[in-house]
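Open your viewer and get ready to select a few things as we go.

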Amino acid sequence: MQIKSAEFVVSNSDVSKCPKDYLPEYAFIGRSNVGKSSLINMLTNRRNLAKTSGKPGKTQLINHFIINKNWYLVDLPGYGYAKVSKSAKKTFQKFITAYFSERKQLVSAFVLVDIRHEPQNIDLEFMQWLGENMIPFSIIFTKADKLKPKAIESHIIAYKNVLLETWEELPNYFITSSSKGVGKDDLLRFIDETNKN
Ligand code: GDP
């Protein structure tokens, strides 16, 4: 798939105000600073569609972008930023739960994890929750340019081993680097193949 158009549609914290036209959607989520905005910008060939920020945890909204007038790319807030207050975390949990429970047009979520880090509980728990709620998701490993190929391989194996402690089947995964353009074609192909619109 080639991305010919990518336009911002709406930002909100209320799922009932998300677009109602029932186009297929793909949602991107992960810890703050994982590289989500950079990845969205890489995928859409825009420098600033999603705002890359030096201030993790700042964007606490559901952001809809329409791609090729055919599907929605949804930028969800980053989670797990220590400096966000407890009440902000609760609000976050509420509307993320509402988003995933109510958006029946969601084709797949993408959970982003930094390839350099050991598997983190917050990501594993979130994946567990998605699994229990039968929400399809893939993992996107980010910042692959920061590791040598051998290290990438061993980090992926370590991640798989942790996942296999609770999962019978491993989720689909992608290895990406926004700074080097790695993984873009694979991700767009996956979206193209799963988008039945
Ligand atoms: P977000 O908070 O998840 O949206 O993360 P950002 O996209 O704002 O990126 C957080 C930081 O990681 C920024 O300093 C980016 O320049 C950096 N970053 C993001 N993606 C990559 C990548 O693929 N490679 C490298 N080396 N740095 C990245």
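Which residues does Phe28 touch, not counting residues up to four places away in sequence? Select Phe28 together with Lys36, Leu39, Ile40, Val74, Asp75, Leu76, Phe110 and Leu112: these are its contacts, where contact means C-beta atoms, placed from the backbone, within 7 Å.

A note before moving on: this is a predicted model, in which local features need pLDDT of at least 70 and side-chain atom pairs count only at pLDDT 80 or more, while totals for chains, interfaces and linings use all residues. Residues are numbered from 1 along each chain as its sequence is written.

Next, select Ala27, Phe28, Val74, Phe110, Val111 and Leu112, the residues with the most contacts inside the largest nonpolar core, which has 35 residues. Such a core is a set of buried Ala, Val, Leu, Ile, Met, Phe, Trp, Tyr and Cys residues joined through C-beta atoms within 7 Å; buried means 20 or more other C-beta atoms within 10 Å of a residue's own. Now colour the elements that give two or more residues to this core, including strand E2 (25–30), helix H1 (36–44) and strand E5 (106–114). E5 gives the most, with five residues.

Now zoom out and switch to cartoon view.

Notes:
A residue is buried if 20 or more other C-beta atoms lie within 10 Å of its own, exposed if 12 or fewer, and partly exposed in between; C-beta atoms are placed from the backbone. Helices (H or I, at least four residues) and strands (E, at least two) are DSSP runs, numbered from the N terminus. Two residues are in contact if their C-beta atoms, placed from the backbone, lie within 7 Å.
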